[in-house]
Amino acid sequence: MTYSVNPSMGITIVNKSDPKEKKDNPKLALVLAGGAISGGAFKVGGLKALNDYLVNKKVTDFDIYVGLSAGAFLAAPLSGGIPPEEMLASLDGKSKHFSQLSPLHLYKPNWREFVARPLKYLYGHLTFFPGILYDLFSAFPNLRRDVWKNVKNLALHPNYSNYEQLMKPLLRVAYSTRSIPALGELIPSGICDNVLLESYLRHNMKKNRMTNNFRVLKKMLGHSLYISAMNLDTADRVIFGPDEKNDVSISQAIQASTAIPGFYKPARIKGVDYVDGGVRKTANIDVALDKGADLVICYNPFRPFNNELVIEYLREENKYVTKSKRISDWGLGMVFNQVFRTLFHSRLMYAIQTYREDPNFKKDILIIEPKEDDSDFFELNPLFFWNRARSASHGFESVSRSIENKFDQISSLLGHYGIEMSRDVVKMDAKKIEKSLFDPNVIMDVLEEPQPKRRLKVVQGGK
């Protein structure tokens, strides 16, 4: 059976498994796509909402975790047992386990390249011609016989061929070891350096006695963590994991995966330059399926914004106008925002369509996204750290609303894998948020509250 449940509402379901077939110890995978900085906070809030709906299987209890970019930053703590509530608390310094994530961790300027590149460029220009003269004088004893011979030939027969014959060995010496620096070499490879992000993760993993090793994590907790990045020089997708490339630490793999091109310099780890894993794949659902997942829950915070416009033609002025703003009216940043969201989302939907049409695919996929008309989230700059609280609370609201709209279908799908769902905790949080008159500070306090430890009454079929 195959169906897709109204993706415009933020939920897409591909249900290909046999509902009559009992699942014995099914493998569950949580796939977290990218989302930059505000998208990462949005995703933490959404994970909190998803976790509130789950009763007997929390987001820290999955078998396989796959993350890229901001998703990698979240997948690692989840796989180590850190719940979304603690990650939310770390955003404003209230976590008992994780130290506060500060702007410095995210916006450390790439000072080294800003200073070194202009100096290297200037030095290269100043030494280029003196260096060539030095090379020619050094090589002249070996070239002397051929040079004088070619000079005589040119004097006796002045033509282009003899001139070329004279210059060829000289130019070969002049340019064999030296080249004039290109203007582009002045520009740093990234505005910021995410090295402090790696040290933040490494420090907090050590503080909480969490392993920073893929294979040890698998052995200790039974959780397989996979993080993707792209090798900048070969353009190959690189998967870090317990049975993949594991000669680097988890925190280093996250540094590689979060190196947003242009914003961060490429993460150079063991001599290899890596950039954001989202360059090659939007979500890496295929990794989870290849590793044996029966059910994949994918959370993708980026999708294009459907900015529906009512366009009117003014006959008197001979022009078209609209009462609401066009995306281009927000400026270049929003234009790029929409373009990249469209690119990432199109790749993800193409992959989903492939699974949907494959007759041999017998597994299930649940994709959670914002609604396509979610203007509040679209207007949040993806690189602004100070949007984190607003993004987190909006992520909670977005996922809660999306799941609530399709609670019956989602509950039925997850129930097939022995996962029970309840509305109780989400309703309690919603009441507290509503009572606070949607005060941002109170909302964050509500989201950071630990879940009740009592077993909840399960609500099936929306009753």
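Visitor: Are Phe-73 and Tyr-200 buried or exposed?
Guide: The model is predicted, so local features need pLDDT of at least 70 and side-chain atom pairs count only at pLDDT 80 or more, while totals for chains, interfaces and linings use all residues. Residues are numbered from 1 along each chain as its sequence is written, and side-chain values use heavy atoms, without hydrogens and water. Under 20% relative accessible area is buried, over 50% exposed and in between partly exposed (1.4 Å probe, protein chains only). Both Phe-73 and Tyr-200 are buried.

Visitor: How are Phe-336 and Phe-340 paired?
Guide: Rings of Phe, Tyr and Trp (its six-membered ring) pair if their centres lie within 6.5 Å; planes under 30 degrees apart are stacked, over 60 edge-to-face, the rest tilted. For Phe-336 and Phe-340 the centres are 6.2 Å apart and the planes at 25 degrees, and the pair is stacked.

Visitor: What is the relative accessible area of Phe-340?
Guide: Phe-336 is partly exposed at 42%. Phe-340 is also partly exposed, with a relative accessible area of 41%.

Visitor: Which residue has its charged end over the ring of Phe-407?
Guide: A charge sits over a ring if NZ of Lys or CZ of Arg is within 6 Å of the ring centre and within 35 degrees of the ring normal. At 3.9 Å from the centre of the Phe-407 ring sits the charged end of Arg-423.

Visitor: Which residues do ring pairs link into a cluster?
Guide: The whole structure holds ten aromatic pairs. Ring pairs join into a cluster Phe-73, Phe-98 and Tyr-200.
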